[in-house]
Amino acid sequence: MPLQKILFKPGVNKENTRYTTEGGWYECDKVRFRQGNPEVIGGWNRLSATTFLGVCRSLWNWVLLDGRNIIGVGTNLKFYLENGGVYNDITPIRASSTINNNPFAATNGSATITVTDTSHGASTGDFVTFSGAVGLGGNITATVLNAEYQITVLTANTYTFTASATANGSDVSPGGGASVVAAYQISVGPAIQTPLVGWGAGGWGLGTWGNGIGSSIALRLWSQQNFGEDLVFNPRGGGLYYWDAGGGLTSRGVLLNSLGGTASFTNASPTVVTSTVLYTEGAALQFSGGSLPTGVSAATTYYVFEVNGLTFKLLDSAGAVVNTSGSGTGAVSLIVDVPTILNSLAVSDTSRFVITFGCNDYGSATLDPMLIRWSAQDDPFNWTPDPTNQAGFIRISHGSEIITTVQTRQEIIVFTDSAVYSLQYLGPPYVWAPQLLGDNVSIMSTNAAVIASGVVYWMGVDKFYSYDGRVQTLNCDLRRFVFSDLNQDQGLQVFAGTNEGFNEVWWFYCSANSTAIDKYVIYNYVEKIWYYGTMSRTAWLDSGLQSYPIAANYFTDTATGNLINHETGLNDNTTGTAVAIDAYISSSEFDIGDGHNFGFVWRVLPDLTFENATSTPAGALPSVAMTLQGLANSGSGVTSTASQPVSKSNTYVITEQFTGQIYTRMRGRQMIFKISSNQINTCWQLGAPRIDIRPDGRR
């Protein structure tokens, strides 16, 4: 018989049996396709040796006006700004106050310090930074106390932390002085999703008596987008925070409604206010300060009108102009109507609105999961609807909760738990209007949707979807394989990312028996093929403003993470030490004709390239293993010993200077071809190997 090419159609298909998908690939790991041919994926290197605390679930990249390239890193414990490999902690402060006199108590021989702070409001795992403390007289010095610590709550008034030194007999308790200031950061969030079942799970009155319903504690997820060079961000179910680039990379984010600045009042009828913050018409403000002029009261809402740069006049709640009998100064204590609790946010690119999805209504502190609100145009500080501005709101109806959004060309795609909407800017009087695109459409998680090449792709709870002007199910050759091995209890961990250099959309997920992400599936939207593999990542950022795609990694032993540059080098360099990438791909079963006869393979002519691969540090040439596995039939299994020649398996090691042909003895009615590598500095692409196979009887 003539030589037979081993040439399979691109992509991996596991929707049918291994024999049914003859002519294709069936299994793989860390392999992609380039113009139909499989090759090992690119390597990765850590961004720096520095790490951050917690599991990162959100990455956002933008450039400041001075040219600094910034990545916002949101973890379950903190929020950071990365620049030059350094992670700057800008986690907002929840509360800061001078705590009880001599609040610290130490025990000789222990590093555990007990703190008394009446009604501290903190939770176990929260971070607090102390300042103004004096030492206890021994090892617990002022330097030890005046630091940041993670706490364990004992009661509503006490908690403990582990100090950086062990107390001795000279440490006097209680102590610390009368001027100790405790700055509490916003509470931390869960690292993983925690399912709750049985009595007490779910809301009051839900489910049958004594049973309740299934529910879960959601993990900490962040939304973030830049507004100019500043950053607007929020933890899901938390407040709306703002980071001002003018304060530097170490300045913390603060609640947006607290950024009112200061104001001076001119004695006039009506009074003229000069502010340090630019407001638009209709903004609602409250003032505080010891020198407010007569006619302006603290904690009273006033409305901005006749804006002229940084100066404006005031209207009271009845619409009357505000007059004062003198001049004065004060602070804007509250920017009224700014959402105080929300699930996610977006900043519209061209029209420059800050938009919140799932937030509290005006005058309410309760989150409405289907409510959409937006600020005045080009003004993140004004959320009060007024005929003179474009601030507003709308509530959508299909579904019970807005899950996430994706901004695309001239629209924002809004996903609820059962529908998809298009939110488009129309201008006054409606400003933003939703249009239903599809109903009975699911989405797995907040981070499960992404845009690539103008098309939105996302993972649902049981299938994949795309939107290119219409919502449609994405044909998937791995659908059953993925969703039968996906931990639905950890579905909120699922996230998507693009690798546009290779025309790929990646989804990372937890396999059925894992509570941490350990697998991925890839859709190549140019070749319209699928492949998959194993990898542990928690967030992804494509290479738009970076040299390489960036992913977040998590080290369970140290509860820290780092950022990793992908598609660079040939190895796994997550920790700074090069490790080989274990990659392979194996085919479906193939035979001679319809498998009427056994086939006997006596010669193999390999075809592959090792372009860009280098020798190992020990001088070994890059190599792969090529394997032919023989089977008597689909249910017989594969044998690999010479004593079972009917289904013999033979492995050949091919080097960069491989021989033109290899002689062997291999027999089987059906065969499987596999290529694999597990050596550092190795990359390869498979071509079209050939085998010399001839009929060899019927049994």
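**Note on cavities, hairpins and ring contacts**

1. A search of the whole structure, which is a predicted model, finds 1 cavity of 30 Å³ or more. The largest cavity has a volume of about 40 Å³. Its lining is made by I6, L7, F8, W25, N37, P38, L686 and G687. By residue type, the lining of the largest cavity divides into 6 nonpolar and 2 polar residues, with no charged residue. As background, rolling a probe the size of a water molecule over the atoms shows where empty space is left.

2. The largest pocket holds about 1,200 Å³ of space. It is lined by 42 residues, of which L59, W60, Q224, Q225 and V450 are the closest to its centre. The elements that each give two or more residues to this lining are β7 (56–63), β20 (222–227), β30 (342–347), β34 (402–408), β38 (449–452), β42 (495–499) and β46 (539–541). Among the contributors to the lining of the largest pocket, β20 gives the most, with 6 residues. The lining of the largest pocket comprises 18 nonpolar, 19 polar and 5 charged residues.

3. Which way do its side chains point, and are they buried or exposed? F464 and S466 point one way from β40, while Y465 and Y467 point the other way, and all are buried.

4. Strand β40 pairs with strand β39 (residues 455–459) in the antiparallel sense, over 4 bridges. Within this pairing, M459 stands opposite F464 of β40. The strands β39 and β40 form a hairpin, with 4 residues between them.

5. Strand β40 also pairs in the antiparallel sense with strand β41 (residues 471–473), here over 3 bridges. S466 stands opposite Q472 in β41. The hairpin of β40 and β41 has 3 residues between the strands, and in it G469 takes a positive phi near 120°.

6. The structure holds 41 aromatic pairs. One of them joins Y159 and Y184 in an edge-to-face arrangement, with 6.1 Å from centre to centre and 80° between the planes. This pair links distant parts of the chain, since Y159 belongs to strand β16 (residues 158–162) and Y184 to strand β17 (residues 181–185), 25 residues apart. Both Y159 and Y184 are buried.

7. F481 and Y532 are buried.

8. Ring pairs also build a cluster, which links Y457, F464, F483, W507, Y523, Y525 and W530. F464 of this cluster is the residue of β40 that stands opposite M459.

9. Two charged side chains sit over aromatic rings. R352 lies over the face of F227, at 4.2 Å from the ring centre. The charged end of R373 sits over the ring of Y362, 3.9 Å from the centre of that ring.

Methods
Residues are numbered from 1 along each chain as its sequence is written. This is a predicted model: local features need pLDDT of at least 70, side-chain atom pairs count only at pLDDT 80 or more; totals for chains, interfaces and linings use all residues. Side-chain values use heavy atoms; hydrogens and water are left out. On a 1 Å grid over the protein atoms alone, a cavity is a set of points where a 1.4 Å probe fits but cannot get out, and a pocket is an open set with protein on both sides within 12 Å along at least five of seven lines; lining residues have an atom within 4 Å of a point. Grid points are joined across faces, edges and corners, and a volume is the space filled by probe spheres set on the points. Ala, Val, Leu, Ile, Met, Phe, Trp, Tyr, Cys and Pro count as nonpolar, Asp, Glu, Lys and Arg as charged, and the others, Gly among them, as polar. Buried means under 20% relative accessible area, exposed over 50%, partly exposed in between (1.4 Å probe, protein chains only). Two strands pair if DSSP finds at least two bridges between them. Rings of Phe, Tyr and Trp (its six-membered ring) pair if their centres lie within 6.5 Å; planes under 30 degrees apart count as stacked, over 60 as edge-to-face and the rest as tilted. A charge sits over a ring if NZ of Lys or CZ of Arg is within 6 Å of the ring centre and within 35 degrees of the ring normal.
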